[in-house]
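Here are a few exercises to work through with the model open beside you. Try each task before reading its solution.

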Amino acid sequence: MNKKNAMITISAAVIMSMILTASVLAAPATALTAFVEQVQQVNANNVDIFKSAFAAGTNTHAIAMTAEKVTNGQVAFKMASHVVKDSSGNTVENRTPNYASTPTMPGPTIFVRKGDTVQVTLTNNIPGTKVSFNVPGMNDGVSRVVNTGSSFTFVLNANQVGTYLYQDKKDGLLGLFGAIVVDPVDGKVPAAINGSIQDVNLNELGKEYVLGMIGSTFWGMEIDHNNANKQTAEWINPILVAKQDQKVRFHVISLGMAHTFHLHAHRWLDPGTTNIIDTKLLDTPYATHSFIVQAGENVGAGDWQYHCHVFAHMEAGMHSVFRVLSNAPTETRPNVSIAGNSPLVGHDAFGVTNAAVDVATFTVSDQPGTWFQSARGNALAPLTVSKSVEVILPGGTVNFVMSDTNTQHTITSLIYPMQKDVSNPGQFIAADHMPFDETTSYRGGATATLHTPGLYVFSCKIHPYMFASVIVQNPNDLPDKSPEPGLTLGEKISTDNNIVVPTVSDLALRLLRVFFIATTPSNWQTFSSTSDTTWNPHYPALPFIAYTDGGSRFQVADLNATMHAYFQEPRTLKKTQTPATPGVGEVWVDTQFEMTANKYKPGTATAVNATTWQVSKKVALPEQNMNNPHNMWTDKNQQYIYQTEWFDNKLDIFNRADGTFVSQVTVGDSPAHVQTRSDTDDLHVSLNGANGIAEILAGTTTVNRIIPMQGADEDPTHPHAHWMTHDGKKMVTPNAFTQDSTVYNFNTNHRDAKVHTGAHPIATGMMPDDSKYYVANFLDSTISVIETATGVKLPDISMLKDYLPTGGLTGLISGGDPLPGLFAAYPDGIPAVIGALPIQTPVSPNGKAMVTANTLTGTLVITNTTDNHAIKTLACDAGCHGVNFGAKQGGGYYAYVSSKFSNRMIVVDIDPNNDGKIADAKVVGSVILAASPSIHDDTVTALAGTGGQGVLAIPNVYNGWVQKIPDNNPLKAKLSPAQQNPYP
Amino acid sequence: MLSAVGIIASILAMSVLFSANSVNSFSSLIAATSLSKSSRDSTATIRTGEGATSNNSILPAAAAVSAMRHNITMTAVKVNESGELYAYMMVSHKVTDLNTHVVTDITSTHSLQPSIPGPTIVIKEGDEVYLTIRNGLKDPSLGIVGVHVHGIHYDILSDGTLKVLNGEADEGAPPPYEVHWIAGPGTKGTWPYHDHTLMGVNGKEYRGLFGAVIINPADGNLQQYKDGNVVNVALSSITKEIVAYARDDSFWVQEIDNTKTEGQNQTPLGTNPNLKAIIGSNVRWHIIPLGTDIHDFKLNTYTWLDPGTTNGSTHKKMGPLENHVFVITTKNNPSQYMDGAFKNLFLGDAGKFDGVAAPGPAISTPTNAVLASLTERI
């Protein structure tokens with residue numbers, strides 16, 4: 001006697017009561033299966049949902065769905081069965097055959113009538129994650145989650161007509177979403193037909209489309225009422241097809257970010273109004289919009305674009321076409337929508353199942369290293385090391401969704417392959433659709449179809465160490481085509497600022513290396529104060545295909561071995577030694593990637609006692625979920641720490657003495673740097689995710705105004721690390737998105753100048769007398785020099801004047817010297833100037849030296865400000881980033897240096913012999929930032945001491961500010977007379 | 001071209017289709033004058049005059065409105081040397097009364113400078129527009145400049161997009177490109193037009209290439225929210241039109257003084273201008289966002305009709321390229337229009353709106369810096 005036979009004999013009433021019970025308790029999967037089988041015996045026929053004669057409005061929909069992980073790592077709902085029962089419990093219709101047999105995005109579209117009951121039994125087949133079934137407006141507040149391998153029945157009452165979004169609350173943006181359409185009992189839906197508002201009977205509809213607006217991608221589904229109500233997944237940005245004059249209904253559903261849906265040349269009724277519209281806001285956090293159009297009404301056949309009208313989303317690829325086919329006999333194309341690439345399709349290669357996918361999806365998060373993580377990153381990581389690598393074939397799609405971040409980003413091609421110009425032999429042009437970029441930052445995602453084989457690296461222009469690599473695999477480099485196969489890097493690659501190098505080049509290898517270090521926390525440097533340690537970064541032990549400058553194809557048989565040989569890895573990291581001479585006060589470092597126990601977002605602010613060189617405080621602000629603390633400043637009393645949250649929109653204020661929280665101020669997107677005006681003590685916070693500087697008046701905790709750094713006739717600037725003149729009267733900004741710098745005058749409230757700089761200006765430093773200021777151009781590896789009063793530009797300083805980007809690797813090919821490059825090993829104190837990707841670049845308070853942190857090379861470049869001549873290079877750590885000056889005991893200045901991908905702060909003495917000259921500038925020690933502090937508000941759980949970015953020495957010894965520290969402040973007494981007045 | 005018999009048959013057919021909700025028969029008539037690709041073959045600017053005339057001859061007396069044909073030529077120019085801003089500029093605007101054949105040149109009603117927003121094209125239901133766009137950018141590397149319009153009827157060759165999107169043609173200038181719009185049924189209201197071709201498939205709308213088309217109702221009736229009720233207000237009572245584009249960093253405003261009977265009545269006012277109107281006069285606001293931000297439009301102290309509803313509205317959350325159009329009667333107190341979204345609020349995306357005692361003048365204040373730069377940079 002088996003259970004199945006027993007179940008078949010139970011009455012409909014028993015089934016009903018069973019379902020009701022199941023809605024309270026998790027339904028046993030076996031019982032549900034039996035139930036489904038029984039109804040299928042009762043009614044095996046498909047019934048047209050619109051033309052069926054059964055009474056609508058009192059039916060019960062018994063639905064079994066599953067949640068599945070699909071080939072590319074995304075997740076999606078799949079229909080198992082859908083049967084409709086009348087009020088007597090009799091099964092009147094089996095709709096199961098309508099649905100796709102695979103998971104779909106959007107998930108199965110569930111059509112019901114007002115008054116119906118919807119019972120969705122959800123079985124979670126996704127390993128290692130919980131799934132919910134949330135339908136805003138129908139079952140708000142239901143927080144029930146279904147564990148892997150379990151089922152639960154959610155009961156919904158369809159009380160109100162409309163299109164509803166269903167979603168998993170956590171992974172909706174990764175594909176667990178769909179639509180429930182509740183239609184009126186009489187089947188009549190108002191629409192604007194030929195300008196007239198009238199009821200359309202649902203049985204007049206030829207087709208319906210469900211379009212999910214997710215990130216910056218449309219995910220489509222077609223329901224064809226002329227083909228047995230068949231539901232077909234149309235995937236990414238499909239071409240929707242209809243016949244001229246066919247009445248079709250769109251269900252646009254959106255979650256996460258706000259969108260505006262626009263369809264060319266058509267207009268429709270805005271539901272609930274008599275307004276006729278052609279563009280509709282779908283606001284955050286979720287929205288639906290449903291409307292009927294007559295295809296091509298009053299406008300005729302054609303390919304009519306549909307798109308999101310949020311401009312950055314348009315730039316990010318959020319568009320496709322609604323193809324209205326003419327009724328003319330010459331039109332022979334089938335009335336069938338044309339699907340985009342599918343996340344279900346994979347291709348085996350190199351002995352790896354699904355080595356390449358048709359849709360490579362990256363999630364975007366605020367989590368260290370995995371800012372852009374492949375949806376299947378965990379599965380790929382054993383092979384690719386980094387979770388931010390994907391492989392597609394030509395014609396495949398790369399797809400981004402900002403699913404786990406609190407701020408705005410861009411999706412920008414930092415590196416892309418060049419292709420041979422067919423019309424111009426011997427010349428190379430950018431890969432198809434490259435460069436890929438948006439004018440302003442935004443919340444959303446991106447989608448791009450890539451055709452040209454080679455290496456692509458996408459980054460965010462606000463947070464330029466967020467990386468995703470996509471390899472578009474040349475089929476000719478696959479094992480079945482080539483005796484020396486490998487992953488395709490391409491012949492030449494270009495950076496965003498048009499530096500083109502062959503893939504066999506020092507620069508290409510360095511870029512690859514920084515990618516695998518930045519995106520892989522296990523590749524970060526861990527120093528110790530008690531013993532030497534070994535740093536052994538890993539790279540994929542896979543074959544790659546690169547090309548020499550002469551165009552010769554070259555197989556890197558094992559990238560890991562090649563990188564280790566070229567960069568002399570693994571390396572010994574010498575145990576740290578603290579400086580012999582103490583500093584004054586304390587040094588705060590934003591350990592931005594440090595994870596703590598009681599908050600989801602990363603980051604702490606770490607204080608080092610400059611007398612003992614011990615970590616004295618760590619501040620995590622768990623209750624504020626302080627998110628990626630990036631940069632700090634203090635007030636004139638040195639009482640508060642002003643702390644930006646760079647992956648958020650907030651500024652935190654806490655007490656410096658004990659780290660206790662004071663206030664949190666919403667300031668605007670991606671607040672990067674913060675400084676006070678020395679004259680007023682007002683706060684100015686750069687909005688890296690916007691177009692200005694937020695101003696908070698001294699003593700207040702709200703934004704007073706946002707000061708635009710561009711005119712209304714100019715593109716948004718997205719300033720990063722600004723600097724104030726010593727008198728507080730002017731402010732200069734590096735405008736990361738517009739390749740220029742603004743000089744803002746607080747006296748006149750005008751922009752005195754907007755000066756062209758190099759590519760991606762990111763930080764500034766200023767002479768203590770304001771005579772000139774410096775702008776670090778991140779992508780060009782140059783420093784712009786600008787006269788503050790006039791905006792006149794002086795000659796640039798190259799951070800890379802002794803570097804040949806193509807140099808290197810030739811020795812490796814010939815089997816000779818594997819280290820031909822000028823600086824294969826980190827230099828220390830060498831006279832050459834080698835600093836790639838410069839970031840912070842402050843000038844010492846006495847105006848003698850500028851110290852520039854270079855993140856690609858992990859070097860510091862020392863520049864003599866007298867003649868703007870870069871004089872030497874010092875060793876720094878992986879991801880060298882932040883620099884600020886503090887007072888050295890007895891006189892002089894230390895430059896305190898932080899690095900993102902190491903756990904220590906480096907101390908540079910710019911004038912160890914105190915002779916007033918900086919020729920002897922050197923690293924005099926370092927301090928581990930991972931040490932367990934005596935004062936803290938949370939427990940460090942991972943990535944201890946890493947993520948070094950903003951640096952702030954207390955007391956603030958810059959000219960203009962130091963004089964404002966009250967004389968009775970004990971910190972001031974610790975400064976020498978010269979330090980109290982650094983630039984008389 | 002449709003024969004008279006065919007048109008009548010079409011009208012009869014539609015009168016069956018249309019319920020009590022139907023728009024007036026005049027609009028139905030326009031639907032019957034279907035767009036035809038064959039008319040595209042003509043290179044002449046004016047090409048469908050006769051058909052429209054014969055249509056009018058069969059209009060019922062009750063709908064004694066004259067359909068107009070607007071022949072417009074605009075150009076697009078660069079307005080600053082750094083190359084970040086472009087603008088449309090009116091070259092010629094002639095109106096032909098299809099009933100009387102009288103042609104009126106109304107070019108001088110427009111600002112003849114490049115303006116942002118671009119020239120407002122005011123027509124009414126039943127009218128049609130032949131608009132030729134020229135390219136004054138003098139930089140072939142930028143590609144072509146076009147006009148893509150919302151709301152109104154046009155065929156695929158008037159979409160104003162690139163061939164890679166529409167499958168038919170690169171629809172922009174150079175050479176001069178003509179689009180044909182018909183204000184048929186369902187088109188009344190205010191709609192944006194913007195570039196969709198310059199420097200790629202998305203165009204350069206956010207760099208100044210945008211404007212508005214106002215399609216007035218054929219029956220001359222608008223609605224207004226007054227003392228908690230929806231009341232009719234005559235189109236003819238609107239003394240001022242305020243066309244305000246909400247960009248990501250500021251409003252760009254143009255006003256039209258409907259009381260001016262000759263000469264220029266459209267005035268570009270630049271960014272966040274201070275606006276004035278005569279106390280007690282009816283002013284129609286046309287708000288259109290453009291860019292990447294979501295906005296929250298407010299007009300302090302006023303409550304207006306949320307279009308298509310019977311609800312009073314005191315603010316409106318809007319996404320790019322939606323439109324929000326409403327009529328208010330100017331109060332005797334100072335007001336301010338503003339964008340209440342966080343960033344825009346603190347950037348100061350706002351301006352005054354003040355009532356001025358009759359007889360005025362109620363002259364709004366242009367933001368001179370921007371206007372001067374537009375003018376001197378041509």
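**Exercise 1. Find the side-chain partner of A:Asn649 and describe its surroundings.**

Start with the side chain: A:Asn649 makes a polar contact of 3.0 Å with the side chain of A:Lys650. A polar contact here is a pair of N or O atoms within 3.5 Å; within protein, one must be able to donate a hydrogen and the other to accept it, and residues adjacent in sequence count only if both atoms are side-chain atoms.

A quick note on ground rules: this is a predicted model, where local features need pLDDT of at least 70 and side-chain atom pairs pLDDT 80 or more, while totals for chains, interfaces and linings use all residues. Residues are numbered from 1 along each chain as its sequence is written, chains are lettered from A and ligands numbered from 1 in the order in which they are written, and side-chain values use heavy atoms, leaving out hydrogens and water.

Now look past the neighbours within four places in sequence: A:Asn649 is in contact (heavy atoms within 4.5 Å) with residues including A:Val665, A:Gly668 and A:Pro671. A:Ser670 is 21 residues away in sequence, yet the C-alpha atoms of A:Asn649 and A:Ser670 are 5.5 Å apart.

**Exercise 2. Work out how chain B meets chain A.**

Count residues to begin with: chain B brings 59 and chain A brings 57.

Then take the area, meaning the accessible area (1.4 Å probe) that two parts lose on being put together, summed over both. That comes to about 4500 Å², with carbon and sulfur atoms giving 54%. On chain B's side, B:Asn202, B:Thr292 and B:Phe346 supply 13% of what the chain buries against chain A, more than any other three residues.

Finish with the charges: the interface holds 2 salt bridges, a salt bridge being a side-chain nitrogen of Lys or Arg within 4 Å of a carboxyl oxygen of Asp or Glu. One of them pairs A:Asp283 with B:Lys317, the closest N and O atoms lying 2.8 Å apart.

**Exercise 3. Check the radius of gyration of chain A against the globule rule.**

For 984 residues a compact globule would come out near 30 Å, and chain A has 31 Å, so the two agree.

Notes:
The radius of gyration is taken over C-alpha atoms; the globule rule is 2.2 Å times the number of residues to the power 0.38.
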